[in-house]
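Some notes on the model follow, as numbered points. They go from the whole chain to single residues.

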Amino acid sequence: MGAGRDEVVRVGITPAGTMSLVRSHHRDVLGRLAPVLPPGPEPACSHPGLVWAATRTPTGGGTAPAGVAELARSLAGAGSMPPLEHLAPGAASPVPEWCRWGTDQLLADIRRTSGAGDADFGAPDPTEGIAHLEAARDTLRTVWPEAALESDLLVRVIVYVQGGAFRSATLRQTFGAVYLGTSSVASTPAAFEALLHETGHHALYLRNFFAPFVTNGDLLISHPLRPDPRPVSGAVHAAHVLARMAYGLTRWAATEPAAPPEVTTRRDDALHRLRGTIEALEPTAEWTDEGRRYFDDLLRWEKELTTAHRN
């Protein structure tokens, strides 16, 4: 895994470490799909459709989900960072099976937890959201190039979801896809934060693919990112993405003095919730050796961000 060994226990990002982890994960996905992939060149990059298919392909072969062979062939010459795809389930154009599955999972969860009714759902018009997201990606390339590279390597597809108060999500089974609600792309700072948030989930899933961080991940605790008790593993995710959000927003505010006031408001909120999440984890999380190193790095990040904010 080379440079990825050190990257696993970092909150931050190095281009070499990110590339190493991405390549190792991609090889694993292709290995699981090997019995059902078509002959010829292998896919050059991962994709949520491939990851989803790998979770459904029986060990030793069997029948792969529809469209996998065609997707694999289309990715053979795509390079490691093909253009970002945008999908809007419920619109006129059909969406692939993995996308329908992921959206159905999210909408069912929204109905169950929020009490949203049929009037709260529909086919979103992503036109304005895409413009904000592209502006956010341009800003990220300027203020934090390493995070922009990581996002380009990990996120292949943006799925726009209209469902009540839904904001954003990442599903491990469709790794490579980010699901965004309308509020997450209502402004460029909102889209910037959402991109850091969901790329952060991808980055931690990738790290935990190689090294679990906690041994009591299923224990339920409360933390500031969710109103209901969530597993310790979810709280680790919350801390990770909040640290990434706070750092990226701090970089934006420092790099561009004319940044919208929303940037510092979101930064302050992320820092406040990061402190609360760390306080929830400190007495409860049981860390592996790698997890302890990771948490020490997280504490260092939080201290440096807080000190910079006070100054």
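1. With 311 residues, a compact globule would have a radius of gyration near 19 Å, and the protein chain agrees with this at 19 Å. The radius is taken over C-alpha atoms, and the globule rule is 2.2 Å times the number of residues to the power 0.38. The C-alpha trace spans about 60 × 45 × 40 Å along its principal axes.

2. This is a predicted model, in which local features need pLDDT of at least 70 and side-chain atom pairs count only at pLDDT 80 or more, while totals for chains, interfaces and linings use all residues. Residues are numbered from 1 along each chain as its sequence is written, and side-chain values use heavy atoms, with hydrogens and water left out.

3. The protein chain has 11 helices and seven strands; these are DSSP runs numbered from the N terminus (helices H or I, at least four residues; strands E, at least two). Of the contacts (heavy atoms within 4.5 Å) with a separation of 6 or more, 70% join residues 24 or more positions apart.

4. The largest nonpolar core has 75 residues, and Leu281 and Leu298 have the most contacts inside it. Such a core is a set of buried Ala, Val, Leu, Ile, Met, Phe, Trp, Tyr and Cys residues joined through side-chain atoms within 4.5 Å. Helix α9 (residues 232–255) supplies the largest share of this core, 11 residues. A second, separate core of 16 residues includes Trp98, Val159, Ala177 and Tyr179.

5. Which residues does Leu281 contact, leaving aside its neighbours within four places in sequence? They are Ile221, Val232, Ala235, Val236, Ala239 and Phe295.

6. Val157 is found in strand β3 (residues 157–163) and is buried, with a relative accessible area of 0%. Beyond its neighbours within four places in sequence, the contacts of Val157 include His47, Pro48, Leu84, Trp98 and Ala177. Val157 and Pro48 are 109 residues apart in sequence, yet 7.7 Å apart in space, C-alpha to C-alpha.

7. Arg267 lies in helix α10 (residues 261–281). Is this residue buried or exposed? Arg267 is buried, at a relative accessible area of 15%. Leaving aside its neighbours within four places in sequence, Arg267 is in contact with Ala246, Leu249, Thr250, Ala253 and His309.

Note on methods
Buried means under 20% relative accessible area, exposed over 50%, partly exposed in between (1.4 Å probe, protein chains only).
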